[in-house]
Amino acid sequence: MSLRRLTPLLLVMTLLAAGGALAQDKGSVNAKPLPPLANPNDPNIAAKELFARKLLPSKGAAHVIGSYTRGCIGGAEQIPVNGDHWQVMRLSRNRSYGHPDMIALIKRLAARAHKDAEWPGILVGDIAQPRGGPALSGHASHQIGLDADIWLTPSPDRRLSREEREDMSAVMMVRQDRLDVDPKVFTPSHVLVLRDAAREPAVQRIFVNAAIKKALCREAKGNRAWLSKIRPWWGHDYHFHIRMRCPAGAGECEGQPSQAEDEGCKPADLAYWFSDAVLHPKPPPEPPKPKPPMTLAQMPAACKAVLHAADAKQ
């Protein structure tokens, strides 16, 4: 079914149910480990319960299996908690793992944000769980280590404490009426950071709030070809979401079709996102019923091997 055929509120509720772990959701300094499953071999158990209990990546070379919303990753790499120009947030989620290409990209982006936008650094949100797969909360995507959330709040010029990494809130970039960015917080430096991310050849899409896309269309200078990668999507008003293409030779990776190469800045391109039906949706006659959670059998068969593989050495 076309996304536009869904009622806006139904779609928003569906997306939030599947992808609500935003920068505002706080973590816990004293997070307790998940209890063991009574019957982990039960074929009806949700796959998210299985993948969330894997605390380390699988042993072996990195390999991506399946799609962004139905897949896993073997041999994932963890980004260090601190770098020269980045800090990882919400450590209690244990979602700082990704394909090595994604980890390298984040490090490059951090250096460019420091150089081009004069940010002290970037704050890194969710990438993926140690073996990818569906998470207990938050995203429907981020399952194969090729998605990453970067806060739109620059890193402070100091090392954050563990408490701050769990409790600190990101800054809302969108005006209260949702029609444009808040000029008090969204600055020309944000344009440069988003441009640097979009100019990475391996990046296919970057998701932002429609108001941010509108601002980029207005403010971008020079060669604007990178704007074609910036896609409006629900939420993403505190952070932006980087999505990479499938790595070369990753035959089990299921990517997305390439999008149009135009800037996406024509009034018709953005009109839907600022329509009254989207900004002020009417509630559906009946609340939507939640979908049953995905099971391991509904995932690519190779994900079972990734799930049960030996742990990589720390």
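Predicted model: local features only at pLDDT ≥ 70, side-chain atom pairs only at ≥ 80, totals over all residues.

Biologist: What makes a residue part of the lining of a pocket, and how does the lining of the second largest pocket divide?

Modeller: A lining residue has an atom within 4 Å of a grid point of the pocket. In the second largest pocket, the lining divides into nine nonpolar, four polar and six charged residues.

Biologist: What about cavities: how many of 30 Å³ or more are there?

Modeller: The count comes to two. The second largest cavity holds about 50 Å³ of space. A cavity is a place where a 1.4 Å probe fits but cannot get out.

Biologist: Which residues line the second largest cavity?

Modeller: Among them are R95, D126, Q129, P134, H139 and H142. By class, this lining has four nonpolar, five polar and two charged residues.

Biologist: Why is H139 called buried?

Modeller: Buried means under 20% relative accessible area. H139 has a relative accessible area of 12%, so H139 is buried. As for its place, H139 is in the loop between strand 6 (122-124) and strand 7 (147-151).

Biologist: How do you know that the side chains of H139 and D126 make a polar contact?

Modeller: The cut-off for such a pair of N or O atoms is within 3.5 Å. The contact joining the side chains of H139 and D126 is 2.8 Å, so the pair falls within that cut-off. H139 and D126 both belong to the lining of the second largest cavity, too.

Biologist: Why is strand 10 described as largely enclosed?

Modeller: Six of the six residues of strand 10 (residues 239-244) are buried, so the strand is largely enclosed by the rest of the structure. H239, H241 and R243 point one way, while F240, I242 and M244 point the other way, and all are buried.

Biologist: How do you know that strand 10 pairs with strand 7 and with strand 8?

Modeller: Pairing needs at least two bridges. Strand 7 and strand 10 have five, in the antiparallel sense, and strand 8 (residues 203-208) and strand 10 have four, also antiparallel. Both pairs therefore meet the rule.

Biologist: Which residue of strand 10 is the bridge partner of D147?

Modeller: That is R243. R205 stands opposite R243 as well.

Note on methods:
Residues numbered from 1 in each chain as written. Heavy atoms only, no water. Helix = DSSP H or I, 4+ residues; strand = E, 2+ residues; numbered from the N terminus. Buried < 20%, exposed > 50% of the residue type's maximum accessible area, 1.4 Å probe, protein only. Polar contact = N/O pair within 3.5 Å; in protein donor to acceptor, adjacent residues only side chain to side chain. Nonpolar A, V, L, I, M, F, W, Y, C, P; charged D, E, K, R; others polar. 1 Å grid on protein atoms, 1.4 Å probe; cavity = no way out; pocket = protein on both sides within 12 Å on 5 of 7 lines; lining within 4 Å. Points joined across faces, edges and corners; volume = space filled by probe spheres on them.
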